[in-house]
Amino acid sequence: MVSWRRRPGPGLARLWGLCCLVLGCWRGALGCPASCRCSSWRIWCTEPSPGITSFPVPQRSADGDNVTEIYIANQRKLESINDNEVGYYIGLKNLTVVDSGLRFVSRQAFVKNVNLQYINLSRNKLSSLSKKPFRHLGLSDLILVDNPFKCSCEIMWIKKFQETKFYPETQDLYCIDDNNKTTALLDMKVPNCDLPSANLSNYNITVVEGKSITLYCDTTGGPPPNVSWVVTNLVSNHESDTNKNPASLTIKNVSSMDSGLWISCVAENIVGEDQASAELTVFFAPNITFIESPTPDHHWCIPFTVKGNPKPTLQWFYEGAVLNESEYICTKIHVINQSEYHGCLQLDNPTHLNNGAYTLLAKNDYGEDEKRVDAHFMSVPGDGSGPILDPDVYEYETTPNDLGDATNNSNQITSTDVSNKENEDSITVYVVVGIAALVCTGLVITLIILKFGRHSKFGMKVHGEVKGVGLVDQIWLSLQDCDNEEQVMVTVNSDVHNNSTASDNNRLGFVLFHKIPLDG
């Protein structure tokens with residue numbers, strides 16, 4: 001019988017060749033050892049032969065930035081992880097070194113690997129392990145089973161870590177005592193082996209600027225811990241003594257720039273470490289570090305920066321007089337940074353009446369400071385010295401109390417005054433037109449009565465005459481009553497020119513009736 005074996009087609013062969021090429025490129029770029037397989041995100045070393053003798057590192061530091069997982073197993077010649085080897089893989093999250101010959105891990109091995117979450121160092125040759133490589137990491141898992149640990153103070157931190165860390169399954173960790181007896185790590189008892197503790201003499205550090213202060217740190221632990229002071233960014237001169245217990249830190253001529261800084265005392269031994277911290281509070285007089293001329297924004301703003309502790313009170317003066325703040329002129333604090341306050345004097349639509357010198361006074365229990373700035377918002381309307389910067393200036397009214405006693409507002413013209421005058425004029429026009437209409441109607445009715453009255457039983461006679469006198473036309477109507485023999489004069493004030501005639505029908509005016517005896 002003939003057996004057939006299918007050969008890969010040309011397409012599959014090309015794909016396989018491409019994969020090998022890519023893998024080869026990554027292998028070359030990362031300096032991948034012969035016993036390992038490397039990709040852009042993973043390094044996998046499991047082949048025991050020829051094996052690796054040191055931790056794999058990339059040829060260029062940038063090549064390892066994207067690697068998140070390293071798995072090493074069956075590497076009997078790999079005995080140590082030294083400084084900066086793992087540090088090339090900044091993005092590393094998972095590290096596994098198992099079933100190998102690992103005996104030593106440097107204290108600086110993982111100083112750059114802040115993203116590490118999982119470390120498995122099981123089934124190696126570790127007899128001791130310092131806490132320092134791991135103390136800055138937020139590990140979710142640290143697996144150390146099946147290592148020949150020696151019962152000593154140096155691995156006491158592992159016992160503490162196991163007691164305080166929750167695991168779904170407790171690790172079976174053991175150590176070998178001086179009699180070569182295997183003991184469960186949870187039952188290990190080592191004399192003079194205790195976690196250190198640190199306590200400060202004062203947790204409320206307050207000092208006035210320019211003074212000096214001494215802080216003490218009392219420590220306990222076995223073996224006796226080493227003490228150090230953490231005074232990052234402290235500007236003031238300082239000196240420490242850590243050879244005694246309690247250790248001391250003296251800060252001389254304290255600067256206000258150090259207010260708000262934290263000072264820490266750290267006690268550390270092979271079992272672990274402890275830390276005590278306190279905030280430094282410096283009291284100092286106010287200092288106006290910045291003030292400048294007003295700038296237009298949503299509102300006009302005179303910006304300023306004031307430093308002081310405790311918080312200073314702020315008072316503004318306008319032309320030497322106290323500035324009474326209101327909803328139109330008020331102080332706003334926008335940013336507070338420790339003992340530094342950034343804000344502005346906010347003015348809502350200021351006019352030329354607000355031009356002048358503004359002075360800021362900052363005061364607290366330790367002193368005061370003041371600064372002056374000249375402000376010019378707009379030119380006086382109509383003085384010809386320049387254009388009005390705000391076209392809507394007359395739409396707003398400045399409150400007299402805003403500027404204290406320094407502002408005279410007796411001659412202000414407001415939009416309310418103009419509006420009232422216009423309303424009064426409109427009402428007057430309507431009244432005049434109405435009266436004129438009524439008078440005109442009455443005149444027409446009177447003329448009709450006079451016309452038809454000639455044939456009445458009273459025998460009334462009407463004689464008419466129009467006389468123009470200046471702006472007044474006088475219409476003389478003679479109404480003769482047979483019985484009373486009286487004459488009535490009708491005067492029409494038409495408010496027209498001298499050349500008006502009695503035929504004009506569209507005149508408006510006032511009608512005056514005068515009763516005159518016939519003999520007059």
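Colleague: In this predicted model, are C36 and C45 buried or exposed?

Modeller: Burial is read from relative accessible area, with buried meaning under 20%. In this predicted structure, C36 is buried and C45 is buried as well. A disulfide joins C36 to C45, with an S to S distance of 1.8 Å, and the link is right-handed, with 110° about the S-S bond.

Colleague: Which parts does the disulfide of C153 and C193 tie together?

Modeller: The sulfur atoms of C153 and C193 are 1.8 Å apart and form a disulfide. Since C153 lies in the loop between β9 (149-150) and α2 (156-164), and C193 in the loop between β11 (182-184) and β12 (194-200), the pair ties together parts that are 40 residues apart in sequence. Both C153 and C193 are buried.

Colleague: What is the handedness of the disulfide of C32 and C38?

Modeller: Handedness is read from the torsion about the S-S bond, which for C32 and C38 is about 85°, so this disulfide is right-handed. Their sulfur atoms lie 1.9 Å apart, and both residues are buried.

Colleague: How many disulfides are there, and what pattern do they follow?

Modeller: With a disulfide taken as a pair of cysteine sulfur atoms within 2.5 Å, the count comes to five. Counting bonded cysteines along the chain, the pattern is 1-3, 2-4, 5-7, 6-8, 9-10.

Colleague: In what order do the six strands of the open sheet run?

Modeller: Strands of a sheet pair through backbone hydrogen bonds, either parallel or antiparallel. Here the order is β1-β2-β3-β5-β7-β8, with mixed pairing, and the edge strands β1 (36-38) and β8 (141-143) each pair on one side only.

Technical notes
Residues are numbered from 1 along each chain as its sequence is written. This is a predicted model: local features need pLDDT of at least 70, side-chain atom pairs count only at pLDDT 80 or more; totals for chains, interfaces and linings use all residues. Side-chain values use heavy atoms; hydrogens and water are left out. Two strands pair if DSSP finds at least two bridges between them. Helices (H or I, at least four residues) and strands (E, at least two) are DSSP runs, numbered from the N terminus. Buried means under 20% relative accessible area, exposed over 50%, partly exposed in between (1.4 Å probe, protein chains only).
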